[in-house]
Amino acid sequence: MDTQVRRCFRSQLHVSGPLSPGHFERELARRIGSPSRRRPVLNAWEAYLSAQGGDLEAVRSFYTELLRHPRERLEGMVYAMHLPFVEFYVQTLPQHLPQKGRGLEVGAFTGGLVKLLQEARPELEWHALEGVSEAVALGQARTGPVVSWHEGWFPQRLELPPMDAVLLLSCLPEGYLGGIGPTLEEDRYLEHFCFAERVRGLEGLLRPGGLLVYGHGPFLGKNPRAVVRALEGLGFTEVEQVGDGDYTLITARMPEALAQPRACLLYTSRAHET
């Protein structure tokens with residue numbers, strides 16, 4: 001089906017359809033014929049997929065390497081891999097967002113999704129957070145002044161105004177993709193992604209009562225129930241699952257103060273014992 005997202009991505013990013021991550025190397029070879037020229041991209045891709053423990057340098061290096069090839073439009077390969085999820089987000093999110101206030105997309109890359117959300121909900125004050133400086137520059141050019149861009153990584157402390165909605169969409173698993181299968185058991189999920197501890201980065205960023213939206217995206221290790229459990233344990237209210245299967249969002253309301261992330265602390269104490 002020719003959706004609004006596909007029309008937008010086709011015209012702006014030359015994305016003709018979804019790309020399975022398993023076909024990344026084949027598509028890269030189609031775009032860059034020279035093995036020596038595509039080797040740095042493949043090295044960065046392999047490091048990105050095998051990164052563990054929150055290796056943000058592997059994440060930064062992968063996206064930076066892609067953006068070094070504007071003629072081959074490797075930027076569009078990222079959006080092609082995320083295309084079905086972006087369609088789901090654009091279809092589902094607007095009606096769940098607050099009526100007014102500030103909204104922040106974390107890990108906005110070059111602005112493809114936040115631009116569509118801003119067009120769907122222009123009455124909100126939109127912000128985008130991205131850790132790759134080259135992506136920030138492209139995002140600013142794509143969205144114009146209707147989106148305020150900030151360079152940095154979540155959950156590092158940043159000087160941003162308090163938000164009424166924070167969107168963690170297809171971003172938190174990055175840096176933790178190595179050594180996991182399609183799904184993880186609840187306890188293993190919380191340990192592997194150190195999910196509860198990282199969500200503490202919302203303190204001071206998402207105002208009490210503000211909306212958190214989490215989407216795992218196309219990555220391995222999915223377990224929506226684990227996300228619900230972690231958020232409820234931290235004191236979030238109105239924790240709900242929207243959608244099912246691969247296409248699932250978790251929405252929740254920020255408490256006045258977050259409880260201690262016991263699952264992550266337990267994992268840390270176990271690590272010290274070994």
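Modeller: Two strands count as paired if DSSP finds at least two bridges between them. Helices (H or I, at least four residues) and strands (E, at least two) are DSSP runs, numbered from the N terminus. This is a predicted model, in which local features need pLDDT of at least 70, side-chain atom pairs count only at pLDDT 80 or more, and totals for chains, interfaces and linings use all residues. Residues are numbered from 1 along each chain as its sequence is written, and side-chain values use heavy atoms, with hydrogens and water left out.

The sheet is open and has seven strands, in the order β3-β2-β1-β4-β5-β7-β6, with mixed pairing. From one strand to the next the twist averages 20 degrees; axes are lines fitted to C-alpha atoms, for helices over the stretch in contact, and angles run from 0 to 180 degrees between N-to-C directions.

Five bridges join β2 and β3 in the parallel sense, and E130 stands opposite E151 in β3. Elsewhere, β5 (residues 206-215) and β7 (residues 247-253) pair in the antiparallel sense over four bridges, with L211 opposite R253 in β7.

Two helices lie across the strands, where contact means heavy atoms within 4.5 Å. Helix α5 (residues 75-92) lies across β4 (163-169), β5, β6 and β7, at about 45 degrees to β7. Helix α6 (residues 112-120) lies across β1 (102-106), β2 (125-130), β3 and β4, at about 175 degrees to β2.
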